[in-house]
Amino acid sequence: MHQLLFERFISGARGEPPDIDVDFEHERREEVIQWIYETYGQRHAAMTAVVSRFRSRGALREVGKALGLPEDLTGALSSQVWGWSNDVDDEHADALNLDRSDPRLALTLELARELIGTPRHLSQHPGGFVLAHSRVDEIVPIEPAAMIDRRVIEWEKDDLETLGLMKVDVLGLGMLGCMRRAFDLLAEHKDVHLTLASDELQHDDTPTYAMIQQADTLGVFQIESRAQMSMLPRLKPREFYDLVIQVAIVRPGPIQGDMVHPYLRRREGKEKAEYPKPELKAVLEKTFGVPLFQEQAMKVAIEGAGFTPEEADALRRSMATFKSTGGVTHFRDKMVEGMVANGYQRDFAERTFKQIEGFGSYGFPESHAASFAKIAYASSWMKCHHPDVFCTALLNAQPMGFYAPAQIIRDARAHGVEARPVCINDSDWDTRMVPEGVNVRPRHSAFCGTDQDWASLQPVRLGMRIVQGLSKDDAQAILDARARAQFVSIEDVWRRSGVKPAALERLARADAFQALGHNRRQALWAIKGLGQKPLDLFSAADAREGRTVPEAMEPQVALVPLTEGREVIEDYRATQLSLRAHPVTFLRERLAARRIAKCADLMNLKDGARVEVAGLILVRQRPGSAKGVVFVTLEDETGIANAVLWADRFEANRRTVMSATMLAIRGKVQREGIVIHLVAETITDLTPWLREVGELELPNMTMPGDGATHGGTIDPRDRLELPRQRALESWPPRRSLKAPDLIPVRSRDFH
């Protein structure tokens, strides 16, 4: 139907095994791996290996350890390195005000640079399988893997391809598992039975594409990144093949090959596509004369330059995925001269090759783009028509994608989904939907589905899995006890479930005992009154009478309620999100006094306006094709703002950008339609402001003395005279994600 190039995967002219990549649900991939072993046998199937090599962070830590540098120093140095970078710059030390003339520090930096790229250890390929008719161990060396019931070949996949061995990539895709959960929820709660192959998902749905065109795609497969969201309002997908283009065009290859802007101009009718000959038009017409896919590059080489199928396949191989080998350049003369010999203008031939040369960084196959676009459309359809189902499935599939649960919940609530907190008497391990019949609330303006979809919208109850530190075994013990009867008190939970008080404390920190009449502080106080183990005598009596009688009666204590800001901090500490308020809400008056605008205000500003916004750092992204430019996504209570930091601006503020939790960025608005960026000029670390949100008034662990009844300060005896009683995270406040006065927002870094 999509006229894909089958020779991309298998061809008689190639005289080699086919190229097979199959994506499975991430959680079920091990089932497939074990099925392959059972079907082909341990002697005829083995996984390929990968040689892991030192990168900047690992090199700094290992060399620093060998030379005796303090661990906090090597940790600070490595924190200045961006992701998987392969550079160790002197500026990293300068940013920390370190003395580079110190012999050991200078030697550490020098040796770390030399160590980069050196093999570190042998590990398993994510899913590469070698299958053979004869015994694999008679062809290549194999060994038992660290994981049970696995065998791994001691060579890398490139070596195996040179030998011509059959390799199949068995890969895991998180969104497939997410969509399976979504389809199950849809069938269970709304009696709608769908799969990816269902007829409803084979036709272009107008509301779904309207949502996509507005870049309302948080959580959606492949088109949720900042770059993809910026492209969506410009490309305006209206049908399935537009999504195929969307998936493929925001890649290093098309960007570096200067394909993006020509394609957009031609799509908008601002520029006319060039087709010097009919055979080239047949190849490039659906992409307006711009070769966006590997298959098109192969066809251009065959039709335009007279390449043989073998030579075109060699060209495809040189388009190395995720790494630039420079192999495409070797075909320059043959392709340009071949096109000239076939009657094409030299200028056109050179421009065409320059575009194809961009695939040397990363050119996307059309077949892969079509497969990914299929899942992207299905997930978009689910978010559009059933955001409650999509949110629930997405939360249960974490960790996955660009955004943390806090942003997923915020986005779902913005689309009219009611989210409810963790509850000891109502939450399961997974987040679940709460069946409450027809939704009679007034329709939310941001809801994208039909009126019928809105009527079927159901609340979402957060699951115990989001509670930090709570094990699945403890949660299951609580759920098994609750299945017999609802809990009536904290002691009832403890006695019937048999879990340790530490597990109940984690639930108390998540404010999960509201259904029993206890707020967070009251629940922690009550748990401190429990023993380490229920007494057998009382347990037997309770079992005989069918009710729980407290082992001891404690006097009532009037506990000072936490401030709203402190409640939000504790929510984040316990679950990484809060349903009460956004942390920046408590700073808005102070931000307004400094004339810092809200993120939502950017929509009302003109191109070129100067403004300052502030928010929590959600995402830092430094694409390899962006020449050192860093993109930072900030979030406040009104929405998000996308900031652009030019390379020099990032280097001047590297330490702040890499270590801060909250930033204020002043800059110039760059606007194109509804796509808005803020080009950064000055950057300010507002993390100290964020520390003041809670007005630290209660240590994490309840302590004796005034700490229980007076929320403003900690009893000096706990701090000075009784150091052994202080909790790990109580005093003094640690300046890290574990500091009790800091909201622990974990930003995500991408490349």
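This is a predicted model: local features need pLDDT of at least 70, side-chain atom pairs count only at pLDDT 80 or more; totals for chains, interfaces and linings use all residues.
Residues are numbered from 1 along each chain as its sequence is written, and side-chain values use heavy atoms, with hydrogens and water left out.

View 1. Helices (H or I, at least four residues) and strands (E, at least two) are DSSP runs numbered from the N terminus. Of the 751 residues in the protein chain, 51% count as buried, a word that stands for under 20% relative accessible area, with exposed meaning over 50% and partly exposed in between (1.4 Å probe, protein chains only). Among the contacts (heavy atoms within 4.5 Å) that have a separation of 6 or more, 69% link residues 24 or more positions apart.

**View 2. Glu-154 belongs to strand β5 (residues 151-156).** With a relative accessible area of 33%, Glu-154 is partly exposed. Leaving aside residues up to four places away in sequence, Glu-154 touches Ala-49, Leu-122, Pro-141, Ile-142 and Glu-143. Gln-124 is 30 residues from Glu-154 along the chain, and 9.2 Å separates the C-alpha atoms of the two residues.

**View 3. Helix α3 (residues 71-79) has four buried residues named here: Thr-74, Gly-75, Leu-77 and Ser-78.** Seen down the axis of α3, its buried residues fall within an arc of 160°, so they line one face of the helix; the arc is that of the directions from the helix axis to the C-beta atoms. As background, an α-helix has 3.6 residues a turn, so residues three or four places apart point the same way.

**View 4. Helix α20 (residues 387-396) is mostly covered, with 10 of its 10 residues buried.** Among these buried residues are Phe-390, Cys-391, Leu-394 and Leu-395, as well as Asp-388 and Asn-396. The buried residues of α20 pack against the helices α7 (174-190), α19 (366-385) and α21 (405-414), and also against the strands β8 and β9. In the loop between α20 and α21 lies Pro-399, and the peptide bond leading from Gln-398 to Pro-399 is cis, with omega near 5°.

**View 5. Strands β7, β9 and β8 form an open sheet of mixed pairing, in the order β7-β9-β8.** The edges are held by β7 (419-420) and β8 (432-433), each of which has a single partner strand, so one side of each is left without a neighbour in the sheet. The pairing of β7 with strand β9 (residues 460-461) is parallel, over two bridges, and Arg-420 has Arg-461 of β9 as its bridge partner.

**View 6. Strand β10 (residues 610-621) is largely enclosed by the rest of the structure, because 11 of its 12 residues are buried.** One partner of β10 is strand β13 (residues 662-672), with which it pairs in the antiparallel sense over seven bridges; in this pairing Val-611 stands opposite Gly-667 of β13. Strand β11 (residues 630-636) also pairs with β10 in the antiparallel sense, over five bridges, and there Ile-617 is set opposite Leu-634 of β11.

**View 7. Lys-236 and Asp-511 each have a positive phi although neither is a glycine.** For Lys-236, phi is near 50°; this residue sits in the loop between α9 (226-235) and α10 (240-249), and its relative accessibility of 41% makes it partly exposed. For Asp-511, phi is about 60°; this residue lies in the loop between α25 (501-509) and α26 (520-528), and with a relative accessible area of 7% Asp-511 is buried.

How values were computed
Two strands pair if DSSP finds at least two bridges between them.
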